Amino acid sequence: MGYRSSTLNSNALQERFKPGDKVTLSGWVSFVRKQKEVSFVGLRDAFGTIQVVVPHTQSFQGRLEDVVTVEGVLAERAGGKSGEFELRAEMVKVENHAKHPLPLGAGPATAAANAAYADQQTPQQRDASLKYRYLDLRVRPYLQRNLRIRGAAALAMRNFMTNEAGFLEVETPTLFKSTPEGAREFLVPVSSTEKDAKPKFYALVQSPQQYKQMLMVAGIDRYFQFARCYRDEGGRADRQPEFTQLDLEMSFVRESREVERVIEGVVKAGWKAAFQLFPSEVPTPPDELKEFPRMRLEDAMRDYGSDKPNLSYGMKIHYEDSVATVTAPGLWAAMSRKEKDDLKKFLFQEKLVDDARGSGEDYVVTAKDASHKRLGRARLILAQWMKKKGVPLPPGIMKEHEPIWITDFGMFEPNEEVEKSVSCVHHPFTAPHPDDLPKLAKTLQAIRDAPNPEEKWRQQQNLFTGLRAQHYDLVCDGMELGGGSIRIHSAELQQRVFQDALGISEEDCQAKFGHLLEALSLGAPPHGGFALGFDRFMTLMCGSQSISDTLAFPKSSMGTDPMTGAPCPLTDAEVGAVLGRFALKPSNA
Ligand code: ASP
């Protein structure tokens, strides 16, 4: 018996065959219902399912998730959809048994059903989902559907970038140099053959930022790639240690709008492809002819307390006499006494509000020092409660699933981790707004001329106000879909930013960024770019609660891989051998 004359896609079957035709079909057993004279057996493959009727004259040995091939005759399925087939089995062969009991059961096909399913999963079931991911992918059609959306969107986006926008797809290395770019890096020790050599490391790229800028110096003009990026941030909610960005860079851009236009085009192309695949499930794509709206960061912070505001509902922060208030209409009346107390306790514990009380039917929270960010977080929590209690959210200035540009970011901000130091709002390669360049140059000079550390810090604080960066973020449903900027293309300015603004010593600057500074000094064109978080974009397309639902083999929330058990410890002897190979010594040696 051969394997199959067709997949189980019902359209393909209907196009090629008619009732009475003899076919061979293969797939997995998705259900078995034994009746008096026949068994009804579900046969599933990647493309569909069909009911197989097995007469008891055949001894059917198959169980759930066994791989079977059935030879038989197609018939119209009684009570099925018009034209739907069933297969009357004449011969059934079990190709391979699945071990029982199965570690997990079948799951839903749609995003809505999946949300309920995921909510009800116990922690043990969630672990099993990741440990047996290949089985979960097979039995939870929702997950396979997401991979299909991902593939279709990626193809359309590649096509747009290459054929419509004139970009060249270039792969850049993932083994890179350790550089302070913000997040914690994964370090890769390299075998050493030299005696007594110092251990040497690569770092996995956090993003191809420096490579893509060097491609602009190389005259490539317009580059893109679906780039794998790595950040050692295990344990952070809904983050993956490795993730995918649609990364791009383009030369001779004068203003950010030119980059934004490309992003709007590629987002719309990917969205449309996903929508065409599952029109009843994927959100309606944005209008092809309309630009995405824009909001200044200052307005977003003032009104919504966030640099990625969710604008699909109202509940703006209201200010009066230096007291800031957020009102959740109808929430107070909808909550039990215990819920009100629990929420209040939580808001206080997280130091988000100074007061939380009922006003008529509404839940009202206030903060005295008008701290935007605190109330912004409280607003999100109130909205989550309203959704949970079925209280309608007041309409916002945008609909759900509408992307918006957030613009007019500052260049620098105080470093929250190291006292009296400066960090970049985006990254250190971001150019200032041309009108603010004189102020930046003057401030950097004053920092350089400062006679002592106190005066230097006093001057550095001038970097926090009145310096706009050419940086833009794309935000949707309160989620940052991506960010980018026009870059500094002058080696001298770049060096001044590293040394004066960020306080990196000249020596460190050469050691860490000498390659980039040299490249910029060898004829760098003006350039700018963007990185779109492809995984996040896919959560939007797939209507999923979590990035991991859109990946074939995601890591757990702790950044581990429960399927293979990686990362895994080595025996002491293995560790010793590894340390020797990499010229490393244990820290207590
Ligand atoms: N490299 C930046 C990031 O990964 C994006 C960019 O500026 O193009 O966030």
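Visitor: What should I know before reading the values?

Guide: The model is predicted: local features need pLDDT of at least 70, side-chain atom pairs count only at pLDDT 80 or more, and totals for chains, interfaces and linings use all residues. Residues are numbered from 1 along each chain as its sequence is written, and side-chain values use heavy atoms, with hydrogens and water left out.

Visitor: How many helices and strands are in the chain?

Guide: Helices (H or I, at least four residues) and strands (E, at least two) are DSSP runs, numbered from the N terminus. The chain has 17 helices and 22 strands.

Visitor: What is the strand order in the open sheet of eight strands?

Guide: Two strands pair if DSSP finds at least two bridges between them. Here the order is 6-10-11-22-21-20-17-12, with mixed pairing. Strand 6 (168–169) and strand 12 (294–296) are the edges; each has a single partner strand, so one side of each lacks a neighbour in the sheet.

Visitor: In which sense do strand 10 and strand 11 pair?

Guide: Antiparallel, over nine bridges, between residues 222–230 and residues 242–251. C229 stands opposite F243 in strand 11.

Visitor: Which strands does helix 7 touch?

Guide: Contact means heavy atoms within 4.5 Å. Axes are lines fitted to C-alpha atoms, for helices over the stretch in contact, and angles run from 0 to 180 degrees between N-to-C directions. Helix 7 (residues 256–277) packs on the sheet and touches strands 11, 12, 17, 20, 21 and 22. Its direction makes about 135° with that of strand 11. Helix 5 (residues 141–164) lies across strands 6, 10, 11 and 22, at about 150° to strand 10.

Visitor: Is helix 14 mostly covered or mostly open?

Guide: Buried means under 20% relative accessible area, exposed over 50%, partly exposed in between (1.4 Å probe, protein chains only). In helix 14 (residues 491–501), 10 of the 11 residues are buried, including R496 and F498. The cover includes strand 18, strand 19, helix 12, helix 13 and helix 15. Just after helix 14, G503 has a positive phi of about 70°.

Visitor: How many cavities does the search find?

Guide: On a 1 Å grid over the protein atoms alone, a cavity is a set of points where a 1.4 Å probe fits but cannot get out; lining residues have an atom within 4 Å of a point. Grid points are joined across faces, edges and corners, and a volume is the space filled by probe spheres set on the points. The search finds three cavities of 30 Å³ or more.

Key. On a 1 Å grid over the protein atoms alone, a cavity is a set of points where a 1.4 Å probe fits but cannot get out, and a pocket is an open set with protein on both sides within 12 Å along at least five of seven lines; lining residues have an atom within 4 Å of a point.
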